[in-house]
Amino acid sequence: MLKIGVFPASGGLGTSIINHLLNLVPASQLVFIARRPEKLTEVSRIGVTVRKADYDHSETLDNAFTGVDVLMLISYASVEIEYRFEAHKLAIKAAHRSGVSHIFYSSLAFGGNCKRTSVCHVMGAHLATEEYLATELPRPMTYTAIREGLYSDLFSVYLAMFDPRNPVEEITIPHSGSGPGIAWAKQDELGEATAKLIVSYTEDPETFRFLNQVLLLSGPEVLSLEESVQILGRAVGRHIKIREISADEYASLPQVRDAFTYHGVNLAKEYTTCWEAFRRGETSVVSPLLGQILGREPERFETTVRGMLDG
């Protein structure tokens with residue numbers, strides 16, 4: 001029975017993955033590693049091994065992955081490149097020293113159909129980590145990088161922090177709203193599919209079909225930003241429009257400026273490259289893989305939005 005580790009076992013995607021893993025394998029097969037392990041007390045009572053580690057304190061990684069055979073490495077939460085990539089490398093090296101045989105890595109669905117380039121700044125650390133896994137990973141250690149689709153339930157980060165419970169009538173972003181759009185995917189369905197991929201590997205590593213590959217999990221339809229906003233408008237019962245502004249104007253918006261400061265550096269302007277990636281169609285690829293793994297049609301954007309409001 002291969003031991004499955006998840007680090008960090010927190011945040012939206014991490015929480016979804018661990019919840020689905022708990023439904024798929026015995027608790028004794030799981031090792032959850034988090035900066036605040038006290039939040040995992042309940043699962044520790046049912047047999048999950050819980051450990052403390054933190055990307056920002058690399059020394060805590062030294063023994064974090066002991067006994068783990070398969071590691072789900074969830075990316076460091078920021079839009080930086082160098083710091084973020086270095087954190088990933090340190091975790092991967094610690095995993096190798098501890099005897100981990102396979103790493104699943106949570107990448108992001110920019111770059112079209114798994115292309116190795118992107119104009120999106122936030123994709124920089126992911127591309128660097130994917131390249132590191134492909135070229136620097138000590139063999140026989142293997143990997144699978146999963147480009148997780150843009151979360152339909154976190155649409156606000158691409159729509160000027162729009163809050164459907166306190167809707168405004170105008171969304172100001174550095175994009176007209178037209179053209180290639182986004183194959184939105186529900187975060188919990190991505191977590192479910194990722195958990196199923198991990199378990200599939202543990203059941204038969206030798207026949208696992210995604211060894212040393214980058215794969216894309218995206219939603220069932222592509223919606224332009226304008227179409228996405230129209231759906232939001234229907235859901236909240238209000239006409240909402242997009243007004244295009246410059247990247248500099250967007251980066252100076254208070255709700256944006258404060259959200260993208262990391263280690264004292266404001267990266268709001270760099271973040272606006274997401275919209276250039278949208279223009280180039282980087283997020284407009286519908287992959288059937290998410291539905292194949294789930295065994296059902298993935299949830300559509302409008303269903304997710306209405307469910308959020310009903311909830």
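UniProt positions are given here in the numbering used for this chain, and its annotations may be inferred rather than shown by experiment. With that in mind, an unreviewed UniProt entry puts the feature "domain: NmrA-like" at residues 3-254. The model is a predicted one. Below is a quick look at that stretch, the nonpolar cores and the cysteines.

**The annotated stretch**
- Residues 3-254 come out as 33% helix and 18% strand.

**The nonpolar cores**
- The largest nonpolar core has 72 residues, and Phe-65 and Phe-110 are the ones that touch the most other members.
- Leaving aside residues up to four places away in sequence, Phe-65 touches Phe-7, Ile-33, Arg-51, Leu-71, Ala-91, Ala-94, Ala-95, Ser-98 and Val-100.
- There's also a second, separate core of 37 residues, with Val-70, Ile-146, Tyr-201 and Leu-294 among them.

**The cysteines**
- You'll find zero disulfides in the structure.
- For Cys-114, the closest cysteine sulfur is that of Cys-120, and at 15 Å it is too far for a bond.
- Cys-120 is in no disulfide either: its nearest cysteine sulfur belongs to Cys-274, 3.5 Å away, while the cut-off for a disulfide is within 2.5 Å.
- Cys-120 is also buried, with a relative accessible area of 3%.

Key. Residues numbered from 1 in each chain as written. Predicted model: local features only at pLDDT ≥ 70, side-chain atom pairs only at ≥ 80, totals over all residues. Heavy atoms only, no water. Buried < 20%, exposed > 50% of the residue type's maximum accessible area, 1.4 Å probe, protein only. Helix = DSSP H or I, 4+ residues; strand = E, 2+ residues; numbered from the N terminus. Core = buried A, V, L, I, M, F, W, Y, C linked by side-chain atoms within 4.5 Å. Contact = heavy atoms within 4.5 Å.
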